[in-house]
Amino acid sequence: MIAIWYAVVSFMLIIYIVLDGRNFGAGMLHWFVAKTPEERRQVVAAIGPLWTWHEVWLLGFGGTLIAIFPRLMASAFAGYYLALFLILWCLILRGISLEVGGHINDRLWQAYWDFNFVLSNFLLAILFGAAAGNVARGVPLNPDGNFSMAFFTNFNVRGYVGLLDWYTVSIAILAVVMLAAHGATYLTLKTEGLVHDRSKKYAKYLWIAAAPLGLAVLIESRIVRPDLPGHAWSNPFWWIGLVLIAASAFTLLTGLTSGRELRAFVGSNCLIFALLATGAAAIFPVMLHSTLAPGNSLTAYAVASSSATLLRASVWWPTAFALAVFYFVFISRRYTGKVSAQRDTQGFY
């Protein structure tokens, strides 16, 4: 049952990254694919209707983590205090930019909030990428299961590490490029005219750039965590993930080369999902690896709630998940379709 709940928690976080990641990417490219106020409203309108809903997955992930893995929540949130507050402030800044940027018809006002919008999305991509790097690399857990980290220390990946080092920075760079490519692929589906054409061009270039960066991170991961292959090869879900990665990459590639935008977008979503799911399968059952001593690491079995709590959660979680999916489908259908360049988008609508 613990393995199932690990998959559920991972699924919720990955779904958030996939869904809101396209908004991060579109936001980062805001100034590059849209040159005029009318074109920028296309980008904002493509993001606007669903951006708050995507964050519900992040809240659901946090709530489920508290219920299922409370000890991990206590240790990770205390240790990642600085990073979590940076993410929180960036999410707030992005939300304010979307909500108030179009409320005053003033060039300076709109330019200021456009800048905040681009910056907050860029920082969110970096922070989530660095967070993924910290999970893969590990944190300086002591024998009591606690840790604290500075923003950076000596940029090494052993011992008392910081949030940033050469490995986590490289994963952050990969995250920026991949999410930007994901956002550009989404914009080709949701925009028209010059914005569509520029987005299509950026999507191709960014996915091409992501390939060698991904290979470099794979090699680095083998150096930083030489124990991971042993865990991964014995996990059948890791092998399934590799198959999904190959199928998703093929779908994305054929969609980009043939101009089939929906196919490319499906491949983009599936590729990011498969990469993150494969990574989650590779590190299981360890949820927080210790860079001080492997014996200090926290496993899913060690930090899980009691059997009674897991049993109760297995009743309420499927019900809540079904309601969430129903609402997501309703909202998605309500706001389907391309956004016209002449659409009046006051605020984020």
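One term to have in hand first: a residue is buried under 20% relative accessible area, exposed over 50% and partly exposed in between, using a 1.4 Å probe and protein chains only. What you're looking at is a predicted model, where local features need pLDDT of at least 70 and side-chain atom pairs count only at pLDDT 80 or more, while totals for chains, interfaces and linings use all residues. Residues are numbered from 1 along each chain as its sequence is written, and side-chain values use heavy atoms, with hydrogens and water left out.

**Stop 1: phenylalanine 155.** Select Phe155 in the loop between helix 7 and helix 8. Helices here are DSSP runs of H or I with at least four residues, strands are runs of E with at least two, and both are numbered from the N terminus. Phe155 has a relative accessible area of 34%, so it is partly exposed. Check the backbone too: phi is near 65 degrees, a positive value in a residue other than glycine.

**Stop 2: asparagine 23.** Now jump to helix 1 (residues 2–28) and pick Asn23. Is Asn23 buried or exposed? It counts as buried, because its relative accessibility is 1%. Show its neighbours: leaving out residues up to four places away in sequence, Asn23 touches Ile47, Trp51, His54, Arg94, Asn121 and Tyr186, where contact means heavy atoms within 4.5 Å. With His54 there is also a side-chain polar contact of 3.2 Å. That term covers a pair of N or O atoms within 3.5 Å; within protein, one must be able to donate a hydrogen and the other to accept it, and residues adjacent in sequence count only if both atoms are side-chain atoms.

**Stop 3: charges over rings.** The rule asks for NZ of Lys or CZ of Arg within 6 Å of the ring centre and within 35 degrees of the ring normal. Then try Lys201: its charged end sits over the ring of Tyr202, 5.6 Å from the centre.

**Stop 4: an aromatic cluster.** Select Trp5, Phe11, Trp57, Phe273, Trp317 and Phe321, which ring pairs link into a cluster. Rings of Phe, Tyr and Trp (its six-membered ring) pair if their centres lie within 6.5 Å; planes under 30 degrees apart are stacked, over 60 edge-to-face, and the rest tilted. The count comes to 21 aromatic pairs. Zoom in on Phe11 and Phe273, an edge-to-face pair at 6.1 Å centre to centre with 75 degrees between the planes. Phe11 is in helix 1 and Phe273 in helix 12 (residues 261–283), so the pair ties together parts 262 residues apart in sequence.

**Stop 5: a cis peptide.** Follow the chain to Phe284 and Pro285, joined by a cis peptide bond with omega of about 10 degrees. Pro285 sits in the loop between helix 12 and strand 1 (286–288).

**Stop 6: the cavity.** Select the lining, including Thr185, Lys200, Gly255 and Glu261. Helix 9 (193–224) is among the helices that each supply at least two lining residues, and it gives the most, with 3.

Methods:
On a 1 Å grid over the protein atoms alone, a cavity is a set of points where a 1.4 Å probe fits but cannot get out, and a pocket is an open set with protein on both sides within 12 Å along at least five of seven lines; lining residues have an atom within 4 Å of a point.
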